[in-house]
Amino acid sequence: MLDWDTLYAECMSCQKCGLAETRTNVVFGEGPRDAEVMFIGEGPGEQEDKTGRPFVGRAGKFLDDMLAMIDLDRSKVFIGNMVKCRPPQNRDPLNTEQEACIGYLRNQVALLKPKIIVCLGRISAIKLIRDDYKITKEHGQWVEKAGIQMTAIYHPSALLRDPRKRPETFEDLKELQSKIRDLCTDTY
Ligand code: URA
Ligand code: SF4
C-alpha cells in the first residue's frame, strides 16, 4: 500500500489504461484524509477532465444539492470515481479500464478507512457491492463489507434526466443521514 502522497503522484502520471491517451487531467478525488464517508461515481466528465476535480459539472452541482438536503457539505466527505480519467464522450468505463484503475481506489479506501461508502449509480455499485447489483431495485439498501457500511443511490445524472426518481432518492438520503449520525463522529 502506498501513502497518500506517493499514491497521488503515481496516479497523476498513470498510463495503466487507454484513458490516459485522451485525458486532460487525472481526477484523483478530493476530501479530508480522515473522511468517514466516501461517495464514488463513475468517471470524470468534461468539466472534471478540464479542472482535475470530481463532480464539478452539472451532475456535481446536483450532488451538492443532494448533500445539502441532509446537511452535508462536500468539504466533509471524500468524493471520487471508479476510473480517474475521462472516458471519451462520457461512455461507461470499460471493465478493463475499471480493473486497471481500481487498485488506486482500494488504496484510497485503505488509507481513509471510511465508515460508509456510497456508490453513485450502477457502475460503482456493480464493481464495489455486487456484480449483479440492480440499482432500480436495490438502491438505498445497506450491506456491510470488510467492516464498511455500503449503499448505492441513483447517480445525480440519472436524477437530472428523470426527476421521478428523486423522491425515492430523498428517502435514501434520509437513511444515509441517520447512518451517519449513528456511525460517524462529531465532524457531522
Ligand atoms: N459523473 C461522475 O460519475 N463523476 C464525476 O466526477 C462527474 C460526473
Ligand atoms: Fe490510470 Fe485509472 Fe487513468 Fe486508467 S483511468 S490511466 S488506470 S488513472
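## Pockets and a ligand

Reply: Helix 5 (95–112), helix 6 and strand 5 (148–153) each give at least two residues to the lining of the second largest pocket. By the way, this is a predicted model, where local features need pLDDT of at least 70, side-chain atom pairs count only at pLDDT 80 or more, and totals for chains, interfaces and linings use all residues. Residues are numbered from 1 along each chain as written, chains are lettered from A and ligands numbered from 1 in written order, and side-chain values use heavy atoms, without hydrogens or water.

Me: Why is something called a helix or a strand?

Reply: Both are DSSP runs, numbered from the N terminus: a helix is H or I over at least four residues, a strand is E over at least two. Helix 5 supplies 4 residues, the largest share of that lining.

Me: What makes something a pocket, and what makes a residue part of its lining?

Reply: On a 1 Å grid over the protein atoms alone, a pocket is an open set of points with protein on both sides within 12 Å along at least five of seven lines, and a lining residue has an atom within 4 Å of a point.

Me: How many residues line the largest pocket, and what is its volume?

Reply: The largest pocket has 29 lining residues, with Glu42, Ala59, His155, Ser157 and Arg161 nearest its centre. Its volume is about 680 Å³, while the second largest pocket holds about 240 Å³. Volume here means the space filled by probe spheres set on the grid points, which are joined across faces, edges and corners.

Me: Why do you say that ligand 1 sits in the largest pocket?

Reply: "Sits in" requires more than half of a molecule's atoms to lie within 2 Å of the pocket's grid points. Ligand 1 is listed as sitting there, so it passes that test.

Me: What makes asparagine 81 a polar contact of ligand 1?

Reply: A polar contact is a pair of N or O atoms within 3.5 Å. An N or O atom in the side chain of asparagine 81 is 2.8 Å from a nitrogen atom of ligand 1, so the pair qualifies. Ligand 1 exposes 240 Å² taken alone, and the protein buries 92% of that (accessible area by the Shrake-Rupley method, 1.4 Å probe).

Conventions:
A polar contact is a pair of N or O atoms within 3.5 Å; within protein, one must be able to donate a hydrogen and the other to accept it, and residues adjacent in sequence count only if both atoms are side-chain atoms. On a 1 Å grid over the protein atoms alone, a cavity is a set of points where a 1.4 Å probe fits but cannot get out, and a pocket is an open set with protein on both sides within 12 Å along at least five of seven lines; lining residues have an atom within 4 Å of a point.
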